[in-house]
Amino acid sequence: MTYVVVGGGLAGAKAVETLRGEGFDGPITLIGAETERPYERPPLSKGLLLGTDKPDSVFVHTMEWYAEHNVDLRLGATATAIDRDAKVVRLAGDDEVAYERLLLSTGSSPRPVPVPGGERALLLRTLEDSRRISAAVTASSKVVVVGAGWIGLEVAAAASSRGAEVTVVGSTALPLQKVLGDRMGQFFADLHRANGTGLRLGTHVTEVTPTEVVLADGTRLPADVVIAGIGVTPNVALAADAGLATDDGVLVSGSLATSDPDIFAAGDIANVDHACLGRRVRVEHWDVAIHTGQAAARAMLGQEVAYDRLPYFFTDQYDLGMEYTGSAPPDAEVVVRGDLTNREFIAFWLVDGRVAAGMNVNIWDVADQIESLVRSRAVIDPRRLADPSIDLAALRD
Ligand SMILES: Cc1cc2nc3c(=O)[nH]c(=O)nc-3n(C[C@H](O)[C@H](O)[C@H](O)COP(=O)(O)OP(=O)(O)OC[C@H]3O[C@@H](n4cnc5c(N)ncnc54)[C@H](O)[C@@H]3O)c2cc1C
């Protein structure tokens, strides 16, 4: 059997690691368009911008690891087409690689700002992007961040912490509103304002000039540096051009198989038929890249796989750390256990009286218990949920 992985990010690296970890000793090729070996992206908007993480700490494996594990790592190599009849992946420059089982883990690309001058806004996806932003932001910079989602807010927090004067422009009335809803959106707005970051919400950018960002109401925000985090687009062209089923990502079964049984997909691009949630989900997060990469590798080896890990993600902003486990609509009922004002609490989102998701803020080692609550599907009295004197484990009884 010959395994080929296209996409040298976290999902691809974890898949390769799992293939070897499960004892496969045949040929493996990992094809990555970037010149860097696979790395983790979360530090790019946090520790690397703050200077608290060492640049080398982001890599998934050492360079020697690939040689020691006999992985043919092709960096700076872009797959341009998949010939499913011939079972080969074509690379830019006329090279090609034959496969028997293929994993696609091509990740996402950041959306550019679609206004005149929008190309002046720095985007953040790669190590090189992070280095560029880090070099551009100084303690005396005026920084405008376009987008009040996770990446925009993390970059704003890092730039602010480095002394820059930061304004975030967001299209919704509150940051993160489409993910967390009104109450927790307000919480994040308060967090940023309390740390000196300005927020211009419910508006959008109409132009980026060399010195300003122009808003819909005509406001002109002075800007030495403009950084955009307005979402990403999954890189599905390779899959779609090969005739694989796509719809908001690459459609995969619970075993991460695409509509071609010899081709699998993992990470940001995988729209998974989720065994626990009972519906399709596509999640653009670190934990999902790790676990779908691992699960896809096991499925490619012929093992029985039914992907059912609950979505999980985290953020760090200023002195706040949080983890979110589960999946809930933003308008679900929110119950808070703990203290919003001192920023130590767990927020639960309830759907039909059941916990659909939980977010622990500056409280640690509870994500597993939150996961158990979600999985239990128990109907829980919101007053008990809000009562910190009742153990989380006891709530399921
Ligand atoms: C700045 C930043 C901060 C983040 N912070 C968090 C966080 O705090 N918490 C969290 O949960 N998640 C976070 N994420 C999201 C997380 O990093 C992604 O979900 C994860 O990287 C997805 O992994 P992936 O392997 O699917 O894709 P990627 O990491 O995007 O890797 C895909 C790779 O495939 C390559 N590729 C694409 N097309 C081709 C081709 N045709 N041929 C060859 N190679 C190709 C790309 O160049 C890329 O190197 C963050 C992301 C960013 C950008």
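Asp365 sits in the loop between strand E26 and helix H9, and it is a handy place to start a tour of this predicted model.

- Asp365 is not a glycine, yet its phi is positive, near 65°.
- With a relative accessibility of 73%, Asp365 counts as exposed, because the cut-off for that is over 50%.
- Helix H9 spans residues 367-376, and its buried residues are Ala367, Ile370, Leu373 and Val374.
- These four cover an arc of only 120° around the axis, so they lie on the same side of H9.
- As a general point, an α-helix has 3.6 residues a turn, so residues three or four places apart point the same way.

**The nonpolar cores**

- The largest nonpolar core has 57 residues, and those touching the most other members are Val6, Val89, Leu102, Leu104 and Leu256.
- Helix H8 (residues 286-300) gives the most to this core, contributing eight residues.
- Another core lies apart from it, with 49 residues that include Leu124, Phe187, Phe313 and Val361.
- Leaving aside residues up to four places away in sequence, Leu102 touches Val4, Val6, Ile82, Val89, Asp262, Ile263, Phe264 and Met300.

**Helices H1 and H8 together**

- Helix H1 (residues 10-21) packs with H8 at an angle of about 35°, and their axes are 7 Å apart.
- Is the crossing of H1 and H8 left-handed or right-handed? The crossing is right-handed.
- On the H1 side, the contact is made by Leu10, Ala11, Lys14, Ala15, Thr18 and Leu19.
- On the H8 side, the contact residues are Trp286, Ala289, Ile290, Gly293, Gln294, Ala297 and Arg298.
- Sorted by class, the contact has eight nonpolar, three polar and two charged residues.

**Asp94, another loop residue**

- Asp94 is found in the loop between strand E5 (88-91) and strand E6 (96-98).
- Its phi is near 75°, a positive value in a residue other than glycine.
- Is Asp94 buried or exposed? Asp94 is exposed, with a relative accessible area of 77%.

Conventions. Residues are numbered from 1 along each chain as its sequence is written. This is a predicted model: local features need pLDDT of at least 70, side-chain atom pairs count only at pLDDT 80 or more; totals for chains, interfaces and linings use all residues. Side-chain values use heavy atoms; hydrogens and water are left out. A nonpolar core is a set of buried Ala, Val, Leu, Ile, Met, Phe, Trp, Tyr and Cys residues joined through side-chain atoms within 4.5 Å. Buried means under 20% relative accessible area, exposed over 50%, partly exposed in between (1.4 Å probe, protein chains only). Helices (H or I, at least four residues) and strands (E, at least two) are DSSP runs, numbered from the N terminus. Contact means heavy atoms within 4.5 Å. Axes are lines fitted to C-alpha atoms, for helices over the stretch in contact, and angles run from 0 to 180 degrees between N-to-C directions. A crossing is left-handed if the near helix is turned anticlockwise from the far one by less than a right angle, and right-handed if clockwise. Ala, Val, Leu, Ile, Met, Phe, Trp, Tyr, Cys and Pro count as nonpolar, Asp, Glu, Lys and Arg as charged, and the others, Gly among them, as polar. The arc is that of the directions from the helix axis to the C-beta atoms.
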